[in-house]
Amino acid sequence: MRIERKPLTIWERLYLPAIISGMMLTFSHLFRKKVTLRYPEQKPEIPPGYRGQPVLVKDEDGRVKCVACQLCEFVCPPRAIRIKPMAYPDNAKYKKVEKTPDEFEIDMIRCIFCGYCEEVCPEQAIFLRGPYSVTGLSRKDMMFNKEKLLELGGTMPDPIKKWQKK
Amino acid sequence: MDPILIHLIKIVGVVGVLLFICAYIVLAERRICAFIQDRLGPNRVGIPIWIRKDGRAIQIGACWALGQPIIDALKAILKEDFVPGHVNKFYFWLGPMLVMAPALMVWAAIPFGSTLCGVPMIVADINVGILFVFAIASLGVYGIVLGGWASNSKYPFLGGVRSSAQLISYELCLGLSVIPLFMQVGSLRLTEVVRWQTEHLWLICYPWNWLPAIIYVASSFAETNRAPFDLPEAEQELAGGYNTEYSSMKFAMFFLAEYANMITASALLAVLFLGGWHLPFVPVSGGIAVGIAHICIFLAKVCALALVFIWVRWTVPRVRYDQLMGLGWKVFLPLALVSILIAGLAIVAGWSPS
């Protein structure tokens with residue numbers, strides 16, 4: 001396609017009016033609202049459904065939803081997850097669930113935030129959720145254990161409650 | 001007092017103030033460019049005044065980043081001064097020096113105040129002031145060309161070549177654009193130019209000086225390698241231009257020299273067109289207070305013009321190289337000649353009060 005280029009008029013060829021109007025525009029920008037977020041003091045608002053770091057969740061009754069099936073450990077591409085299963089004791093309320101994680105560690109240095117663990121989980125116990133700032137001063141700091149993951153995850157309401165129906 | 005001592009004090013004062021303004025004009029550039037782009041820019045580092053016991057510093061002016069120049073200079077000094085293996089070492093070292101030295105030397109002939117305690121506020125009041133300034137300022141191109149050539153790689157070389165062609169072309173327009181002023185004033189001495197403006201109006205007030213002023217401003221943008229004519233160091237095209245291979249303090253010298261040149265250009269603009277240290281209703285001569293007031297007026301004008309330089313840089317896009325050359329040779333050169341003619345007519349007709 002050929003675009004006809006109109007020859008510039010004398011006024012346009014002077015350039016100075018255009019430059020001055022441009023400078024007025026940039027001058028007005030000096031006083032506009034700034035878009036910068038002063039990060040450590042101001043935090044961005046994380047939208048719901050944001051896929052941040054993997055966390056463990058509990059249901060409304062406070063039960064750890066993970067049943068230590070180790071599928072996420074198996075599927076994890078960088079092998080960041082390490083689970084040590086444990087059988088529920090005989091007199092436990094959720095004896096029929098059979099297993100629960102004794103230890104559940106995610107190495108946040110290795111995690112690539114792919115979300116396979118969330119996808120593969122049959123119990124909807126692990127989610128990629130809000131926390132986005134994963135920092136630590138040592139490798140040990142970056143090993144997130146079960147308590148920390150549960151604290152980050154909080155409660156995820158479970159409308160199905162399949163273990164109460166079994 | 002010993003005249004040599006007075007001269008030394010003046011030299012140290014001028015260089016000190018120049019480098020101080022350079023440092024803060026860099027900060028101003030960063031802040032203003034950020035504000036124009038709806039950002040905030042540097043806003044963390046203040047000037048530390050006290051280190052508390054827990055290691056945190058109490059600082060002033062942090063929201064305006066008043067300590068940023070200190071940090072920048074520290075960074076430049078502490079960085080590794082890397083010299084690539086393929087460069088011509090001697091000229092590689094010579095380049096930054098040759099850029100920096102003229103940028104400071106120019107200030108010898110620029111009057112930055114009237115008199116203070118009977119001492120004229122100019123380092124060397126030579127009778128060919130403007131010629132000296134232009135001659136020394138144009139030496140700066142050698143440093144850029146040498147730096148570009150000695151770097152022995154493509155982009156710096158292209159930057160150096162562009163720079164030499166651009167500076168030679170615009171040197172012509174720059175020189176021609178100020179001739180009308182000296183026709184009216186009748187002297188090349190810069191103190192004389194300012195004195196003339198204190199007795200009559202500022203030179204910008206006469207309509208036949210408007211065209212030279214526009215040509216002078218545009219040419220000084222080109223001379224100082226600033227947008228819209230910053231082709232020698234066009235980041236997007238040349239990866240930094242002539243200073244690509246430089247690091248640490250050598251790079252900082254190029255960087256500082258650019259800003260020193262910008263301040264020199266605005267100082268010359270103030271002296272030639274805007275009355276130098278003169279301001280209406282401020283007495284032309286008087287005691288120490290008046291002398292200091294004159295210096296402050298001059299510095300205020302220089303800083304305001306430097307801010308205009310920054311403002312233009314972040315508004316106007318870069319021109320293409322053939323447009324740059326066309327503008328210089330086909331537009332500004334004939335217009336400068338015409339403006340000389342007009343000024344001559346104005347003098348002959350008796351409109352100019354010389």
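In what order do the three strands of the open sheet in chain A run? The order is S2-S3-S5, with antiparallel pairing. Please keep in mind that this is a predicted model, where local features need pLDDT of at least 70, side-chain atom pairs count only at pLDDT 80 or more, and totals for chains, interfaces and linings use all residues. Residues are numbered from 1 along each chain as its sequence is written, while chains are lettered from A and ligands numbered from 1 in the order in which they are written.

**The sheet of chain A**
- Strands (E, at least two residues) and helices (H or I, at least four) are DSSP runs, numbered from the N terminus.
- At the edges sit S2 (81-87) and S5 (143-144) of chain A, each pairing on one side only; pairing requires that DSSP finds at least two bridges between two strands.
- S2(A) joins S3 (residues 99-107) of chain A through seven bridges in the antiparallel sense.
- Ile83(A) has Phe104(A) in S3(A) as its bridge partner.
- Helix H5 (residues 146-153) of chain A lies across S3 and S5 of chain A, at about 85° to S3(A); axes are lines fitted to C-alpha atoms, for helices over the stretch in contact, and angles run from 0 to 180 degrees between N-to-C directions.

**Where the chains meet**
- On chain B, 10 residues are in contact with 10 residues of chain A, contact meaning C-beta atoms, placed from the backbone, within 7 Å.
- Helices H1 (3-36) and H10 (288-313) of chain B each supply at least two residues of the side that touches chain A.

**Domains of chain B**
- Chain B is divided into domain 1 (43-78) and domain 2 (82-348), with bounds from an automatic or database domain assignment.
- The C-alpha centres of these domains of chain B lie 32 Å apart.

Terms used
Contact = placed C-beta atoms within 7 Å.
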